[in-house]
Amino acid sequence: MSQPPRKLRLGAYLSGSGVQGDSWRHPETDIDADLHFTRYRHYAQELERGCFDALFFFDNLFMSTNPVALAHSPGAPRWDPMVLLAGLAGATRHIGLVASVSTTYSEPYNVARAFASLDHLSGGRAGWNLVTSTGGGENFNRDDHVDHAVRYERANEFYDVVTGLWDSHADDAFARDKATGRWADPARVRTLDHRGKHFRVRGPLSAPRPVQGWPVIAQAGSSEAGRELAARAGELLYTAAQDVEDARAFHNDVKTRALKYGRRPEHIVVLPGVSPIVGRTQSEAEDIYDSLLSHRDPAVVLHALTSYASLGIDLGRMPLDAKVPVPEHVPETNSHKSRQKLLVDWIRRARPTVRELYTRFTGGGHRVLVGTPQTIADDFQHWFETGAADGFNIMFPSAPVGITSFVDLVVPELQRRGLFRTRYEGRTLRENLGMPAVPNRHFPTRDAAPATDVPASAPVSGQPAATTAAIA
């Protein structure tokens, strides 16, 4: 039996703050979505109208106190993504709901419980972006930030505990039988009894097992440690790439790494971020982008970009037509290592002016694409068909206009080419992504088929294994 043709996947990147994109002063850009849930409800419903696979909320556990960023950059205040997604679960029917929740300054039991609850609340549409924090230690009883290597060591163990808790009781453990008075079957419930370097968690989890077995695991790290975690655990991979060759190298690398964990590469979806500015003609698209740029403060955006990537260059004070200095010595960063490398490599290769850097990248370092529905679809199709991407995480330049224009113009062109769905295929996020539900490692159901591929749940080398025991 022939397999159906592979479809391109689309994710939507949304900020929990009141603004989408860098041009918050533009007359058509909402600036109060952090205060009014109806804004995000509208965005989510528009994305669902466009058959997007999932929407994704980035998050931070700190607020910048830099006077320039605080005064001019709309990074805060922001919603707690789990609270926001709980509301959106009731306002949507099909789209996946993915939230960043840090492994650095959270506890596994709380995270496992929250996502199990969200998966039930949404009917099986939850996804967890398994991330390490880029800062925030000062808000969690520390004077510093956890070291990069330790953050990833902790993240791997955190993943073991969370997934172990999701498997701590069978799907049918709770009979709820009024006639017999039997609420649960103790033989279908197990303790986790995890004792590792960073966590001691007994379990079992006090929430129903997720509808999908496990919520979809997203991952957004592209450093060496990030790639290894992505290969071991990630199913939706959010990344950044400026050219197709670099994207193809990342795509091949992480899927090759996944083989050693016994995983099937087709069950890993790589979504580079891209910010599309779309017009019905190229001239219109360029006019839209010029209008967005006219409502940005270059010094503020450049300050944000260079700070985000720890470039060690004060681009905000340089003339726009000056050449970007080639960094001879790149400062060591304990934050965004992969984004720093992406920008430094591009600067060394392209030798751009400050203006070229400013217009080519978003404030977060993602690719900007200005064009018509046809040229944007051409770009997407090339990346997709040459193995550089399985789809894209769309960083809308504005909301609601940027969202609606993409749904109305680009999505129909992708559908016309047979690259993108015209309706949702299934009920859960896993079904729509073509990924299997994750069977319980301890309690297979009678009619369950053998597991073909799940993210690796074995402990990381050097980490003690969790033990499980049935409830007596």
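## Salt bridges

In this predicted model, a search of the whole structure finds 31 salt bridges (a side-chain nitrogen of Lys or Arg within 4 Å of a carboxyl oxygen of Asp or Glu). Local features need pLDDT of at least 70 and side-chain atom pairs pLDDT 80 or more, whereas totals for chains, interfaces and linings use all residues. Residues are numbered from 1 along each chain as its sequence is written, and side-chain values use heavy atoms, without hydrogens and water.

## Individual pairs

Asp53 and Arg421 form a salt bridge whose closest N and O atoms are 2.8 Å apart. Asp53 lies in the loop between α1 (37-49) and β2 (54-58) and Arg421 in the loop between α13 (401-416) and α14 (429-433), so the pair ties together parts that are 368 residues apart in sequence. Helices (H or I, at least four residues) and strands (E, at least two) are DSSP runs, numbered from the N terminus. Asp53 counts as buried at 3% relative accessibility, and Arg421 counts as buried at 3%. Buried means under 20% relative accessible area, exposed over 50%, and partly exposed in between (1.4 Å probe, protein chains only).

Arg39 pairs with Asp30, with 3.5 Å between the closest N and O atoms. Arg39 is partly exposed at 30%, whereas Asp30 is buried at 11%. A salt bridge also joins Arg182 and Asp185 (3.4 Å, N to O); Arg182 is partly exposed at 43%, and Asp185 is partly exposed at 25%.

## Network and overall fold

A network of salt bridges links Glu224, Arg227, Glu228, Asp253, Arg257 and Lys260. The protein contains 14 helices and 13 strands, and 52% of its 472 residues are buried.
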